[in-house]
Amino acid sequence: MQWTKVLGLGLGAAALLGLGIILGHFAIPKKANSPAPQDLDLEILETVMEQLDAHRIRENLRELSREPHLASSPRDEDLVQLLLQRWKDPESGLDSAEASTYEVLLSFPSQEQPNVVDIVGPTGGIIHSCHRTEENVTGEQGGPDVVQPYAAYAPSGTPQGLLVYANRGAEEDFKELQTQGIKLEGTIALTRYGGVGRGAKAVNAAKHGIAGVLVYTDPADINDGLSSPDETFPNSWYLPPSGVERGSYYEYFGDPLTPYLPAVPSSFRVDLANVSGFPPIPTQPIGFQDARDLLCNLNGTLAPATWQGALGCHYRLGPGFRADGDFPADSQVNVSVYNRLELRNSSNVLGIIRGAVEPDRYVLYGNHRDSWVHGAVDPSSGTAILLELSRVLGTLLKKGTWRPRRSIVFASWGAEEFGLIGSTEFTEEFFNKLQERTVAYINVDISVFANATLRVQGTPPVQSVVFSATKEIRSPGPGDLSIYDNWIRYFNRSSPVYGLVPSLGSLGAGSDYAPFIHFLGISSMDIAYTYDRSKTSARIYPTYHTAFDTFDYVDKFLDPGFSSHQAVARTAGSVILRLSDSFFLPLKVSDYSETLRSFLQAAQQDLGALLEQHSISLGPLVTAVEKFEAEAAALGQRISTLQKGSPDPLQVRMLNDQLMLLERTFLNPRAFPEERYYSHVLWAPRTGSVVTFPGLSNACSRARDTASGSEAWAEVQRQLSIVVTALEGAAATLRPVADL
């Protein structure tokens with residue numbers, strides 16, 4: 001009996017061992033037989049491209065632009081609810097959607113006491129008044145919700161004085177007037193849009209004792225010189241003579257009362273008396289119809305040739321009106337501004353698709369919602385695409401057909417027009433979370449300026465993913481070109497690495513990408529369709545920020561058939577999927593090498609001799625650029641090698657984090673203390689003439705006429721050190737993560 005027991009135990013042990021081996025065989029993943037990690041599905045990508053519908057985008061735009069929707073207005077809040085409804089739809093909605101509200105400081109004209117610009121005669125009586133509203137040419141410019149043209153955040157006041165013409169309102173323009181012997185103290189300056197920012201015109205004017213500023217859009221800058229009413233909207237895309245560009249004149253971005261803090265109840269608020277960044281003197285925009293009455297009657301010296309425009313007369317500098325004109329020679333201009341500041345609630349709306357594999361990595365796609373009036377182009381052309389993209393992806397999600405590898409966050413920002421407020425408050429509130437987890441930010445504000453070609457602005461690592469997307473999408477219009485091939489015909493550059501390629505513009509601060517790139521250091525891009533620069537001199541689409549930016553304007557003149565809107569939707573959709581679904585992030589950090597090399601060469605050629613005179617060497621900068629180039633190339637090679645095999649997902653994750661975090665290494669929050677929110681040492685505002693590292697360019701420009709050993713030259717050395725340190729930190733980030 002004993003032997004049978006032993007035999008039985010042996011057989012049982014063998015059976016258990018065999019079962020363990022079998023279970024182990026199937027339970028332990030085998031490298032050769034393990035399933036491929038989730039990666040970009042080209043069939044899903046093609047499905048999304050096919051389902052993005054131009055007609056639906058058109059209908060979205062019709063609804064979005066049906067009424068004016070100024071930030072915090074009742075219609076703006078209606079659109080918040082529309083977005084929530086769409087993103088919570090049981091058949092095409094997202095995983096979740098929510099609105100978050102901030103209490104922010106906005107600026108509005110008084111309804112009881114409208115802003116006015118009058119010409120006052122020698123006896124004090126009003127002899128001429130500029131138009132207070134735009135001409136009601138389509139029945140949409142005269143409604144009660146159409147806000148009067150005004151300069152947001154300009155202070156109230158009623159300055160009066162002789163008129164002078166100050167071109168673009170740049171500092172050098174006012175110096176030119178002084179050179180001409182014109183006394184500026186107490187005058188009213190008439191300036192043109194363009195050249196410098198809106199708020200800078202008033203800041204520069206106030207430095208010279210000017211009492212008030214008027215701003216207008218010259219037909220030369222927007223209408224290709226045309227100014228006849230029968231050649232303008234509603235008969236063409238050009239701006240009618242009464243059109244006035246509204247805008248924010250606040251110098252910074254974000255809520256003025258809570259810099260670097262979210263505008264929530266618990267946050268500290270700056271006392272209103274201590275707020276900086278507002279125009280220091282009353283300012284008011286006017287139409288070029290009124291500007292003609294003023295400028296074509298001016299007295300004084302003929303303005304320089306580069307200051308001349310297309311109002312049909314010779315522009316003179318003033319001060320005051322000529323004796324043989326339409327007004328008495330000693331008439332003055334009175335600017336009465338009654339703007340008021342108000343705390344208002346403004347909402348962001350977020351829609352989220354959770355990632356299946358890496359839910360803690362975010363691909364952000366944003367567009368602001370508020371407009372100055374109907375805002376069909378700005379921003380509703382972008383919101384129309386936002387809604388269509390989220391519908392298509394939401395439908396796939398609800399059907400169970402697809403879920404992204406990484407999370408996708410759709411955002412509708414509030415109060416952008418007043419200074420990128422919604423997006424800035426969001427980045428302030430979730431600063432650490434976003435810095436740690438965000439792969440990239442995609443911005444589509446104005447999606448279609450015109451229908452000629454794609455235009456993309458972005459940081460160098462996003463170039464490759466945009467190129468990959470656009471090569472696979474057919475361009476609108478005749479022929480069989482891809483968007484990429486059409487794009488390269490209009491905007492191109494010669495790359496030492498790739499040959500002739502489309503050129504990406506750099507990111508300034510014109511839309512909601514600004515806090516993401518400048519404040520958080522997140523790789524960002526802005527996508528739009530635009531016009532053929534060889535056929536128009538317009539600095540932007542003609543009805544920008546006016547009451548003529550309506551659905552019919554888009555439907556008849558900008559993009560009949562909405563094929564350009566569809567092209568932008570497909571481009572943005574392809575970029576979203578490539579960033580959210582690709583196993584290896586399609587960000588190519590080695591593309592930064594071209595930018596750094598071009599900046600270095602500009603510094604050597606244009607600043608090298610000057611720096612040498614002051615015993616400042618560019619040697620450390622040369623070494624830092626070379627280190628970055630070597631590490632970026634080595635990282636690219638490691639990625640290429642891994643892509644040929646079956647890499648460990650954790651190893652890929654580490655590499656992806658290196659790609660994602662590179663942009664953060666260029667941040668230095670102490671680099672530009674005078675520039676609020678700007679901390680990216682490669683893309684901060686550049687005021688120096690040399691196209692190189694902005695801090696170095698700006699510092700050299702300020703130090704050029706000072707003696708060695710001055711504080712200005714010490715700042716040059718500091719800025720050079722800041723850049724070198726950033727580049728060395730970037731190179732270190734790209735090394736293998738085990739190399740401490």
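Trainee: What makes up the domains here?
Mentor: Keep in mind that this is a predicted model. The domain assignment gives domain 1 (42–105 + 342–475 + 508–530 + 556–581), domain 2 (110–338) and domain 3 (591–734).

Trainee: How do you know that domain 1 and domain 2 are in contact?
Mentor: Contact asks for heavy atoms within 4.5 Å. By that test, 27 residues from domain 1 and 32 residues from domain 2 take part. The C-alpha centres of these two domains are 33 Å apart.

Trainee: How much area do domain 1 and domain 2 bury between them?
Mentor: About 2,200 Å², with 69% of it on carbon and sulfur atoms. On the domain 1 side, Leu105, Trp372 and Phe557 supply 29% of the area buried against domain 2, more than any other three residues.

Trainee: And how many salt bridges does the rule find across that interface?
Mentor: Zero between domain 1 and domain 2. To count, a side-chain nitrogen of Lys or Arg would have to be within 4 Å of a carboxyl oxygen of Asp or Glu.

Trainee: Why is the second largest pocket said to lie between domain 1 and domain 2?
Mentor: Because both domain 1 and domain 2 give residues to its lining. The pocket holds about 590 Å³ of space. There are 28 lining residues, and Gln111, Pro144, Asp145, Val146 and Val147 are the closest to its centre. Two elements, α4 (74–87) and β12 (340–353), each give two or more residues to that lining. By class, the lining has 11 nonpolar, 10 polar and seven charged residues.

Trainee: What makes a space a cavity rather than a pocket?
Mentor: In a cavity, a 1.4 Å probe fits but cannot get out, while a pocket is open. The count comes to two cavities of 30 Å³ or more.

Trainee: Which elements supply at least two residues each to the lining of the largest cavity?
Mentor: β2 (116–120) and β10 (283–285). The lining includes Val116, Val117, Gln284 and Pro285, along with others such as Cys130 and His131. It divides into seven nonpolar, three polar and one charged.

Trainee: What about the lining of the second largest cavity?
Mentor: That one divides into three nonpolar, five polar and three charged residues. Among them are Trp372, Asp378, Glu417 and Asp549.

Methods. Residues numbered from 1 in each chain as written. Predicted model: local features only at pLDDT ≥ 70, side-chain atom pairs only at ≥ 80, totals over all residues. Heavy atoms only, no water. 1 Å grid on protein atoms, 1.4 Å probe; cavity = no way out; pocket = protein on both sides within 12 Å on 5 of 7 lines; lining within 4 Å. Points joined across faces, edges and corners; volume = space filled by probe spheres on them. Helix = DSSP H or I, 4+ residues; strand = E, 2+ residues; numbered from the N terminus. Nonpolar A, V, L, I, M, F, W, Y, C, P; charged D, E, K, R; others polar. Domains from an automatic or database assignment. Buried area = accessible area lost by both parts, 1.4 Å probe.
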